[in-house]
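Please read them with the structure open beside you.

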Amino acid sequence: MASMIFTDCSSSSTTATRFLPLSRHRVQDGLLHSRRSTPLRFAVTSPSLLRTIAATSRTYASPSVLTGLSMGWRCPVLLVSVKGVIGCLGRGMTKEYVLHLIVDALFSAMAADTSAKIIDGKSVAKKIRDEITAEISRMKDAIGVVPGLAVILVGDRKDSATYVRNKKKACVSVGINSYEVRLPEDSSDQEVLEYISGFNDDPAVHGILVQLPLPSNSVKYAMTSSRIKLWKDLNPNPIGIMKTTVLIVSVFLCQHMNEQNILNAVCIEKDVDGFHPLNIGRLAMRGRDPLFVPCTPKGCIELLHRYGVDIKGKKAVVIGRSNIVGMPAALLLQREDATISIVHSRTKNPEEITRQADIIISAVGKPNMVRGNWIKPGAVVIDVGINPVEDAKSARGYRLVGDVCYEEACKIASAITPVPGGVGPMTIAMLLSNTLSSAKRLHNFK
């Protein structure tokens, strides 16, 4: 007949007592089955849970929490002490009833421990902004310098305009001077480069940010097509139409915005976005330090540090390989002595690779792509994604979700960032931090 092992956690002895025949409860494939329909799997619990007391109104002995057998599922295992079980049996309780009490306590503990710790980026960002405000005040009082940030926005994308507006508000809140340039979608590279050159030479500007993405070819093609149609309406002459079409298409080809050239034009000492190739190159090299680190990846690492997550020697998976988040995040984790894997659109079996990670940073832009079965029990999840999905219950008609299915992940991970309120506020906080660092460096202020 099957039996169960109980260990007295109050004793230093490692001797285990085997008793309680499982006539109505059975152990099958590592799972404890009772008259409840849900199977229970034993696992290793966290040290803090070892002191948890689970009790019911009918329990005569106080169950103690012990570490169970690791079977790949994260939940506490409640085992009563030998003395407690004997005490229950001595009061006339049947073995089956005692086992029911154990199962009830186990379910109670599981229900209390199904949520991961929330990594609150909003509160951390506020602390950082308060620190920046104090440092800017100290700098202004000491040398009379106020950091300045210039933002260039090309086009009228609503999301980009919102980001720029939020950055401007953040600058005002900490005491940074904000300079803003808005250019139409059909602006040429040269127009943008002229503004960048002016800010490069302006001593009042310590950081320059070109809001991405820049207008794409498709946008310019649509604008060119509308111009041709307008000229057709105004000039029905076939030869005139042909000349106009050639002229406008030529202008369109010349005006296609070269993002790389524009970003490279930003002075490296003012590249607070951290996208200059020299900054990225220094980030990738051992023994070299970049002047600036890209804001979103920097914010991810800062969250891990502020929540006491140990990175050294851990397995980390970065989902996504963009120049803005994925690649620099992997480089930063490598600098922290983590072992890195990058999952991208051509990766085979991404869920298997991700499931090995102690730390996950997802920046792929696909709502709820990372499911609960992708995550190793106890992993830390940093969700960079911010994706709108339809929601009839919302006044806006949509809600924002991350790359990670939060409802599933929070039951398995040990800590996770919410969306919104996780990485987003940290990105702006890191931009302000980089701008302050630039001003201090340019004025040699310690």
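Which residues does Leu 333 touch, not counting residues up to four places away in sequence?

1. Leu 333 touches Ile 301, Leu 304, Ile 311, Ala 316, Val 318, Ala 338, Ile 340 and Ile 361, with neighbours up to four places away in sequence left out; contact here means heavy atoms within 4.5 Å.

2. A word on the basis of these notes. This is a predicted model, in which local features need pLDDT of at least 70 and side-chain atom pairs count only at pLDDT 80 or more, while totals for chains, interfaces and linings use all residues. Residues are numbered from 1 along each chain as its sequence is written, and side-chain values use heavy atoms, with hydrogens and water left out.

3. The largest nonpolar core has 55 residues, of which Leu 304, Leu 333 and Leu 432 touch the most other members. Such a core is a set of buried Ala, Val, Leu, Ile, Met, Phe, Trp, Tyr and Cys residues joined through side-chain atoms within 4.5 Å, where buried means under 20% relative accessible area with a 1.4 Å probe, protein chains only. Helix α14 (residues 423-442) gives the most to this core, with nine residues; helices (H or I, at least four residues) and strands (E, at least two) are DSSP runs, numbered from the N terminus. Because domain 1 (144-265) and domain 2 (294-424) both give residues to this core, it lies between them; the domain bounds come from an automatic or database domain assignment. A second, separate core of 18 residues includes Leu 183, Ile 208, Ile 262 and Leu 263.

4. Helix α10 (residues 295-306) packs against helix α11 (residues 326-335) at an angle of about 40 degrees, and their axes are 8 Å apart; axes are lines fitted to C-alpha atoms, for helices over the stretch in contact, and angles run from 0 to 180 degrees between N-to-C directions. On the α10 side, Pro 297, Lys 298, Ile 301 and Leu 304 meet Pro 328, Ala 329, Leu 332 and Leu 333 of α11.

5. Six strands make an open sheet in the order β8-β18-β15-β14-β12-β13, with parallel pairing, two strands being paired if DSSP finds at least two bridges between them. Its edge strands, β8 (117-118) and β13 (339-343), each pair on one side only. Within this sheet, β14 (residues 359-362) and β15 (residues 380-383) are joined over four bridges, and Ile 359 has Val 380 as its bridge partner in β15.

Conventions: Buried means under 20% relative accessible area, exposed over 50%, partly exposed in between (1.4 Å probe, protein chains only).
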